[in-house]
Amino acid sequence: MVMYFFNSSDKWQKPVQLSETDNQAYFDKNKAREKVCARWLKEQSKTVRKPITLAASVAIINGLGVTVQSAALAFLMQAIIIDKLPWASLMTPFLVLAGVFIVRSFCVYGHQVLGFEAGAKVRASIRQQLLAKFLTLGPAEIKQRQSGELSAIMLEQVDALENYFSRYLPQQIIVGVLPIIMIIVVMPINWVVGLIFLFTGPLVPIFMALVGMGAASANRSQFLAMARMSGYFLDRLQGLPTLKLFGQAAQELNTINQIAGGFREKTMAVLRIAFLSSAILEFFSAVAVALVAVYVGLGLLGQIHFGPAEQISFREALFVLLLAPEFFLPLRQLAINYHDRAAALGAADAILTILEKDADAPDTLSAGKSRLDKCSLIEFNTVSKFYAQRQVLTDINLCIAAGEKIALVGESGAGKTTLLNLLLGFEAATEGQIYLNGLPVNCEYAAKAIAWVGQNAYIFHGSIKENIALADPDASEQRIINAAQAAGVNEFSEQLSEGLLTQIGERGYGLSGGQVQRIALARAFLKNADIILLDEPTANLDATNKTALLAVIDQLFADKTLIIATHDPLVINRMARQITLRQGRLVL
Amino acid sequence: MKDLWFFLKLFKPHSGWLLGGIILSLLTAFAAIALLTLSGWFISASALAGLVVIDGNVLAFNFMLPAAQIRALAITRTLGRYGERLVTHDATFRVLAGIRSWFFQQLIPLVPGRLSVMRSGDLLSRMTADIDALDSLYLRLLAPAIVATIGVTAVTILLAFYAPVISLATGLMLVVASVVVPWIFNRLGRSGAEQIVVLAANFRVRQVDMMQGFADLLANQAYERFSHFLQQFSDLMLNTQQQNNRLSAISSTITFLLAQITVLMALVLGAILFKESLLSGTDLALVVFCVLAAFELVTPLPVALQMLAKLQKAAQRIRQVTEMSPTAPRHIQVEVLPERYDLQLNNVSFRYPDQQNWVLKNISLVIPQGSKIAIVGVSGSGKTTLLHLLMRYYDPDQGNVLMAEHNLKQLDADQLMTCFGVLSQSSQLFAASIKQNLLIAKPNALAIELDAAIQAAGLDKFISYLPEGLDTWVGESGVKVSGGEARRIALARLYLKNAPVLILDEPTEGLDSDTERDVFKALANFARDKTVIMVTHREAGLGLVDVVYSMEQGVLSKL
């Protein structure tokens, strides 16, 4: 049954669950998209060039150490087993070996630490970019997205970028240097082995790219699944009481199961590609190593006469055999890190959908042309607002002078809240312009001039006091107490064991609707702005409290511009002017 | 550890696969060691054989067999590792997916009473990130530990056949690398590993809080402050990760150094034995290469144990929630739902857990089936709490609540819920279409029933404005519809559910007077044969009821 109404194939299940083929199509069709993501990642790496180069250099030194170590080991084996040299002449190679070990251990440490630094720095900067972007997008846009999904992007997907910077980028440099050095070293010792290296080496990146072709889209698919899972879970966790009320909680398990299963499948799809590619490359390098082993082995036995096989010594044979796997190691590592790159591309796609999003809120930077001949404090100039096809406000012309007391009335759905949102700069008008003090409105500017109490005020995690002092955390104790008293917060806070310092949960859990509203009003009282916007301030209040509140509003906001969206005749009658909206139009 | 054991047991249904995974990874590990050992032996045997040939004595040396063995081992290692990874990861993620729905299932009896104190962002972290962290329980901890134990023993025994001294030294070093070093780094890493779980959870809580209260932050010029704070949190998280990374870099360095020292030691000891003719040349190469390869067995352990605390913390956080006792515990022997819906409160007193004040004081009230009552009173007087007791969100501290002479405690909680239709001051809408939101009340509702409910709730006009009609998406918590529209959707749900007892908690709050009149007119019609229990502070709607009570500071009196 639940399958029916939360069916994932239902086209109204908005966060679309893409199949792997859809995804492949997405990236195929938009090869350009993958390139955009790749370019963006490159762009981000510019600030951390230094640690990346350092991490690579350290690893290259380590690789050189491996070469020296192999040579010393081979020399020692020959000296002990074949040449049977005395201890005295073994001392130097033993010391060299010990020295190399010490140098290499520093390299192992340095490589890991330096790489991480690069990734951490980039992640911090991307989180900052995202936070700044949320601001420019504005509340209307943010509300379109599920908070659980946004948190998955900020946390998990930003973290998924780490290995691209800490491992893949340094490895790219390493691969460009280390194998070449090893070929140069091997060539004069045994040119056949050198040639084997030279021809098999480049095959590794080719295979890596071939096998890893679908990796980016698989990763994108997995990130989508993860974000969707987070968004969905948060929504259902918050609505669990309602689900339970309708006896749907147990059935919801089916959907949860389905989503968790989908996430597992997507994760496995990513892993299958990664495992397959590392298996193929491991096999490939094993075959190459075996080729070297058989060549030098048979050479030692005198069974093969090609190239320098006959002159090969045990020491040389051992050296190239020890070096062969080390030659392939950085290449194989790159193949593993290639999946870090794919993961980063997938995450970058999700991050970029936010960073590239056009803001619907009015721009905070472009001031637009100001109206110097300001006729009034607030002016709506032929303002219209559409949500997709649906027109919610039509041709609003409105002037409000400083100090006016206005009731904004209209049926629910008439556009009152949208009008207030436009004035607050939360959303941009589709047509027309809104001026505040003669300047085009934007969110930052509006927030300075306006104190607003919305219909569903949000209570943040923290104490009642912190919630009241939201606009001014440094407000004096007395001001907070005054605001609390004016809004009637003290009536219930005094009953709580810790008074105003009582911690309250999100969405005001533990508080009734009326109590939440009072805290929100106290916020407005504390803010002391020139313009006061109240959206249904008397909802959730009984008659006695309502009369008391209106008296307080009259007294505290006597010299302010006051706009109250309301249905309450008692409130409407108290206001000097009435603005009526009907189906998005002003009624004159 | 108890928590880890608990989750380990959840892996049981997949134990066949997991055991297979361990066997495959043992096979892989042995193939890898044998590959290097055999190669070393092969080369040195070839060299020595070659020397002998040069000396003029023809020595029969079957080079084809070891060469074939080397190839076979290379293939075994590759295929083994691929198969092992596929099998173990698949089994692990199956378990995790199962744990996720299990977790959700455990939450159901905990709402709304118990979970109201928890942040939903935190719950989300537990349901996603913390459960994800459990993947390392088998993949990074259990499987490598078992493989290392068996592998180290086998290598030590093998070496003992060739050179007991080297076997002893190597075994000792392997134990240091697989037990002592991991133990030390477990100690050193504990706080950092735990912290990373807690920090990430707090980060998510903060961020969800910010996103859901976004408009209030902007309007109060507080966004900058909050995002700065979140940024600091992110920095703290990165710092902790950095410290953890440093520590794991040190532990890998130490393991690396141990491996190298052991090789050096084996070489020196081997050389001594060789010079005293206790070890042949080919066996010397075999031993050195074997030691070189054996350390692969223990390299994953120090980091796994360093992050063990992360795993423990995550397991503990999951269990913390699932071990909570519901505010209304399930009765062992559940009685079937009575046929009648007469409700009765007998001397009920109640206060919320961990709170001093009594919210309800000695309340007695009889609500026969079909009667219609209202309770009026100022906000905070305990009206809503009384409703919650009737629906058994909580059990009373004193007295009892009865339905048709049956104590609510003895009824099945899910069945009890089918009796109540609720319309309250806050209507939870889901991130889904309007239609899906309506169907929650009756998943198999016919189109006609939907239409009727929409008509009755006065939603038809609103829906006709929408280009996508019923299929319009109402975002998270239904943010894209106005308060009045959300209430009408909730009203339509009430119609669809068609329960015998209507609980109306400030049903018309925030509606304009026209809409309010509509709603009450519709309710009066709908509620004709139902029980109505309404809580309100408004005059309107009182015409719907026969008896009005007043609630004052937890004391109920008839008006």
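This is a predicted model: local features need pLDDT of at least 70, side-chain atom pairs count only at pLDDT 80 or more; totals for chains, interfaces and linings use all residues.

How are α4(B) and α6(B) oriented to each other? I took the two helices of chain B in turn: α4 covers residues 120–133 and α6 covers residues 164–212. They pack at an angle of about 140°, and their axes are 8 Å apart. Angles over 145 degrees would count as roughly antiparallel, and so I write the pair α4(B) and α6(B) down as oblique.

**Helix pair, continued.** I checked the handedness too: α4(B) passes α6(B) in a right-handed crossing. Then I looked up who meets whom. On the α4(B) side the contact residues include S120(B), G121(B), L124(B) and A133(B). On the α6(B) side they include V197(B), A200(B), R204(B) and D209(B).

**Domains of chain B.** I wanted to know where I was in the chain. Chain B is divided into domain 1, residues 2–322, and domain 2, residues 343–558. I looked up the spacing as well: the centres of domain 1 and domain 2 of chain B, taken over C-alpha atoms, are 54 Å apart.

**Strand β10 of chain B.** Next I picked the strand at residues 531–536 of chain B, β10. Is it enclosed or open? I found 6 of its 6 residues buried, so β10(B) is largely enclosed by the rest of the structure. T531(B), I533(B) and V535(B) point one way from the strand, while V532(B), M534(B) and T536(B) point the other way.

Which strands pair with β10(B)? One is β3(B), residues 372–376, which pairs with β10(B) in the parallel sense over 5 bridges. Here V376(B) stands opposite T536(B). Another is β9(B), residues 501–505, also joined to β10(B) by 5 bridges and running parallel. In that pairing I noted L504(B) opposite M534(B) and V501(B) opposite T531(B).

**Strand β9 of chain B.** I stayed with β9(B), which is mostly covered, with 5 of its 5 residues buried. V501(B), I503(B) and D505(B) point one way from it, and L502(B) and L504(B) the other. β9(B) has a parallel pairing with β6(B), residues 420–423, over 4 bridges. L423(B) stands opposite L504(B) there.

**A loop residue.** From β6(B) I moved on to S427(B), which lies in the loop between β6 and β7 of chain B. Is S427(B) buried or exposed? It has 22 C-beta neighbours inside 10 Å, so S427(B) counts as buried; the cut-off is 20 or more. Leaving aside its neighbours within four places in sequence, I found S427(B) in contact with A486(B), R487(B), I489(B) and A490(B). I also looked up E485(B): it is 58 residues from S427(B) in sequence, and the two are 9.9 Å apart in space, C-alpha to C-alpha.

**Over to chain A.** My last stop was an open sheet of 4 strands in chain A, in the order β2-β1-β4-β5, with antiparallel pairing. Its edge strands are β2 (390–400) and β5 (439–440) of chain A, and each pairs on one side only. I checked the pairing of β5(A): its partner β4(A), residues 431–436, joins it in the antiparallel sense over 2 bridges.

Notes: Residues are numbered from 1 along each chain as its sequence is written. Chains are lettered from A and ligands numbered from 1 in the order in which they are written. Two strands pair if DSSP finds at least two bridges between them. Domain bounds come from an automatic or database domain assignment. A residue is buried if 20 or more other C-beta atoms lie within 10 Å of its own, exposed if 12 or fewer, and partly exposed in between; C-beta atoms are placed from the backbone. Axes are lines fitted to C-alpha atoms, for helices over the stretch in contact, and angles run from 0 to 180 degrees between N-to-C directions. Angles under 35 degrees count as roughly parallel, over 145 as roughly antiparallel, 65 to 115 as roughly perpendicular and the rest as oblique. A crossing is left-handed if the near helix is turned anticlockwise from the far one by less than a right angle, and right-handed if clockwise. Two residues are in contact if their C-beta atoms, placed from the backbone, lie within 7 Å.
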